[in-house]
Amino acid sequence: MAFAIHEINRNSNLLPNVTLGYSLYDNCLTLGVGFRAALALVSGQEEQIVLNKTCVGNPPVLGIVGDSSSTSSIAISTVLGLYRVPMVSYFATCSCLSDRQKFSSFFRTIPSDSFQVRAMIQILKHFGWTWAGLLISDDDYGLHAARSFQSDLSASGGGCLAYLEVLPRGKNTAELRRIVDVMKKSTARVVIVFAQQSHMIDLMEEVVRHNITGLQWMASEAWTAAAVLQMPQLMPYLGGTLGIAIRRGEITGLKNFLLQTRPDLLHENSNSNSMVNQFWEFTFKCRFAPPPPGWVETGGKVCTGEEKIQTADTEFLDTSNLRPEYNVYKAVYALAYALHEMLQCEPGRGPFNRHSCATLEALEPWQLVYYLEKVNFTTPFGDEVSFDENGDALPIYDVMNWMWLPDGTIEVHNVGEVKGSAFKGEELTLDEDKIFWNFASKKPPRSVCSENCPPGSRVVRKKGEPECCFYCIPCSEGKFSNATNSLECIKCPEDFWPNPQRDHCVPKKTEFLSYQEPLGICLTVASLLGTCFCVVVLGIFTYHRQTPLVRANNSELSFLLLLSLKLCFLCSLLFIGRPRLWTCQLRHAAFGISFVLCVSCILVKTMVVLAVFKASKPGGGDVLKWFGVSQQRGTVLVLTSVQAVICVVWIVSASPAPHKNTQYHNDKIIYECVVGSTIGFSVLMGYIGILAVLSFLLAFLARNLPDNFNEAKLITFSMLIFCAVWVAFVPAYISSPGKYADAVEVFAILASSLGLLVALFGPKCFIIILRPEQNTKKALMGRHNVSSKL
């Protein structure tokens, strides 16, 4: 502080024609002493100063630099705030001091503990330490830090506190033993300590006694650089400590200023000089005259004031690691720049009532507070100094690491920094290659309550434990999570399904009766073979159309029946392949019309057979006139047209359409044709069934006709196969999922078509090809004289 004042007074650009003075008080680390000193300063009750004959009296106190303690700063600033006397602290970090309503004139050049807490949380997050213990001192410094940790740690997602313990004031061995036992039993490998170095000394004694190693310590700025803890016997425990330290700065010329320190032997009773004298005696292990009784007799030296301070082994001369001192330097300059700006005010353009300016002769403390709030300057070291709306400086901390070197020496070196930004929050920069880890692996430790849940699972909290302690359970069917430690699993979109790891969604497999799969290939081959069989039989019947067997079996209806069977075989192909609108509409229409044409031909053939044998009996000759060729064609046409009308009405009113069915399988999309109208589909199938049953009944009634000409038996057998196939089809179709429903329908079409082809035309082809001697009119008529002119 003295150096900063001296430097400012020599600076012709800063406060020209104004000389700054100062008074120093030692608070003795006691609240009462510091509080009385502050009140003495602002009340003008300190000792009078005599500069010369014309300058005598109590100097005006424009501002106070201090206090170093948060507790003292709270007490002092509460009172000074009533009078708006500015107070700039260089070491008080309690976040509570940022409350502008309570501490309206308080400023500081050290960051608030709330930023220090956030800086530590950034380090925890950087190394993935989500499970840490917190030890705090039993004062405002520790208690407010604990409050910030509890609120900020969970809000930032940085982790949880495994335990929170308050270090006792004084050496309470029983309480320290209990705290150490908590640390020993905890699974947390990281221990954060927000306390003064005196608390750490007591704590480490107990840690050494219990030999608790394998912990990663994190230090608050209060003990990061504590030399008293940097001892070889503590390095097995504290080695590798990461700490938050006040920003290090450089003050040019300070060392030379310190080397000029000399005791004032003429004013040894002066308070300002007695501190220097005490320092001199402590450094050189001597006493100024007159020495205490017996001092010289016991070999003690008498100080002469001529000792060489350059040769002294003292921290006082070490200016390589200025941290709190640098903050003092900035605090003095902040007050000086505020005063300088105030004196630059032009009358009539000032910021106060009626645009007035403040004057040095009638300066009010609150006027200096106004300018202090707007201070903005840069130190020679390059750091910008200004205060935000809470009186806090721009936050920046150094990250320190305690390195235990092979020769047993200890070095606390800088491994990074944490800066505060209004736009980006806290920015952490670490040089991990420089960090010393006090572990066998030479790597950062793992400190988590529960290992991270991988993507594809979700977190389930452990009841009664912090949120960092949890179980991992896989996502349920149809859901996924693509983030670590996801609280919820997300349902995949309708057309997607989780991959086996359930960490993202993939398109569902599509399933339909394809031409490329074995089942589709088999059914396609069967359909084409059935069509070929029909063509072969048609060829045989065409070639032998003049033979009695073909003529006796109503050749025109036979050819029409073979054509319809061929259509039945071919229509099954519409059920194979990806469903499309036209295939869905055409498949059932083609199937329904083809089968009605087929069954209509069989029904007419059956009716003709009955009519022929009815006409062979006495008085039945008129029956045949109702079953001529025209009537047969007309009957087939009418019966088929009815089915065609059913199909048209069905397609127009509720058309079948392709549909993505996700109900059968969760992980598959079944492409199928929905019938559109269940009534339409039922009417179509019912109509075929009525004709089939009618054909079967008529053929059954004609089963006792002469054996050599009994086509009714063949029709009965064929319709029995037909009806059996389609009766079995209904439950099989309903119970078959997806593509297998189409496969069942195709199989029913092929089976029933093949059954009709084999039952009706198999015996006839056998006679035509292998028993031509039976293909004569005599053989067909046998012993019955029946006219077969059809």
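This is a predicted model: local features need pLDDT of at least 70, side-chain atom pairs count only at pLDDT 80 or more; totals for chains, interfaces and linings use all residues.
Helix H12 (residues 365-372) is covered, at its buried residues, by elements that include strand S4 (87-89), S5 and H11. The buried residues of helix H12 are Gln367, Leu368, Val369, Tyr371 and Leu372.

**Around Ser77**

Ser77 is found in helix H3 (residues 70-80). With a relative accessible area of 0%, Ser77 is buried, and, leaving aside its neighbours within four places in sequence, it is in contact with Met87, Phe103 and Phe106.

**The chain as a whole**

There are 21 helices and 26 strands in the chain. Its radius of gyration is 53 Å, well over the 28 Å that the globule rule gives for 790 residues, so the chain is more spread out than a compact globule. Taken along the principal axes, the C-alpha atoms fill a box of roughly 170 × 70 × 40 Å. Buried residues make up 47% of the 790 residues, and, among contacts with a separation of 6 or more, 64% come from residues 24 or more positions apart.

**Salt bridges**

| Salt bridge | N to O distance |
|---|---|
| Asp392 and Arg108 | 2.7 Å |
| Lys171 and Glu205 | 2.7 Å |
| Asp398 and Arg323 | 2.9 Å |

The side chains of Asp392 and Arg108 meet in a salt bridge. Asp392 lies in the loop between strand S14 (384-386) and strand S15 (396-404), whereas Arg108 belongs to strand S5 (residues 106-108), so this pair ties together parts that are 284 residues apart in sequence. Both Asp392 and Arg108 are buried.

Lys171 forms a salt bridge with Glu205, and this pair links distant parts of the chain, 34 residues apart, with Lys171 in the loop between strand S7 (160-167) and helix H6 (173-185) and Glu205 in helix H7 (residues 197-210). Lys171 counts as exposed, at 53% relative accessibility, while Glu205 is partly exposed, with a relative accessible area of 32%.

The side chains of Asp398 and Arg323 also meet in a salt bridge. Because Asp398 lies in strand S15 and Arg323 in the loop between strand S12 (301-302) and helix H11 (324-343), the pair ties together parts that are 75 residues apart in sequence. Both Asp398 and Arg323 are buried. Through salt bridges that share partners, Arg247, Arg323, Asp383, Asp398, Glu417 and Lys419 are joined into one network.

**Strand S10 and its partners**

S10 and S15 pair in the antiparallel sense over five bridges. Strand S10 (residues 242-246) is mostly covered, with five of its five residues buried. Strand S9 (residues 216-219) is joined to S10 by two bridges, and these strands run parallel; here the bridge partner of Ala219 in S10 is Gly243.

**A three-stranded open sheet**

Three strands form an open sheet in the order S24-S26-S25, with mixed pairing. Its edge strands are strand S24 (509-511) and strand S25 (657-661), each of which pairs on one side only. From one strand to the next, the twist averages 30 degrees. S24 and strand S26 (residues 668-674) pair in the parallel sense over three bridges, and the bridge partner of Lys509 in S26 is Lys668.

In soluble globular proteins, nonpolar side chains tend to be buried together. The largest nonpolar core has 66 residues, of which Phe591, Phe722, Trp726 and Phe761 touch the most other members. The elements that give two or more residues to this core are helix H13 (518-543), helix H14 (548-552), helix H15 (555-571), helix H16 (581-615), helix H17 (629-653), helix H18 (678-701), helix H19 (711-735) and helix H20 (739-770). Leaving aside its neighbours within four places in sequence, Phe722 is in contact with Phe595, Val599, Ile688, Ala692, Ser752 and Leu756. A second, separate core of 49 residues includes Ile309, Ala312, Ala358 and Val375.

How values were computed. Residues are numbered from 1 along each chain as its sequence is written. Side-chain values use heavy atoms; hydrogens and water are left out. A salt bridge is a side-chain nitrogen of Lys or Arg within 4 Å of a carboxyl oxygen of Asp or Glu. Helices (H or I, at least four residues) and strands (E, at least two) are DSSP runs, numbered from the N terminus. Buried means under 20% relative accessible area, exposed over 50%, partly exposed in between (1.4 Å probe, protein chains only). A nonpolar core is a set of buried Ala, Val, Leu, Ile, Met, Phe, Trp, Tyr and Cys residues joined through side-chain atoms within 4.5 Å. Contact means heavy atoms within 4.5 Å. Two strands pair if DSSP finds at least two bridges between them. Axes are lines fitted to C-alpha atoms, for helices over the stretch in contact, and angles run from 0 to 180 degrees between N-to-C directions. The radius of gyration is taken over C-alpha atoms; the globule rule is 2.2 Å times the number of residues to the power 0.38.
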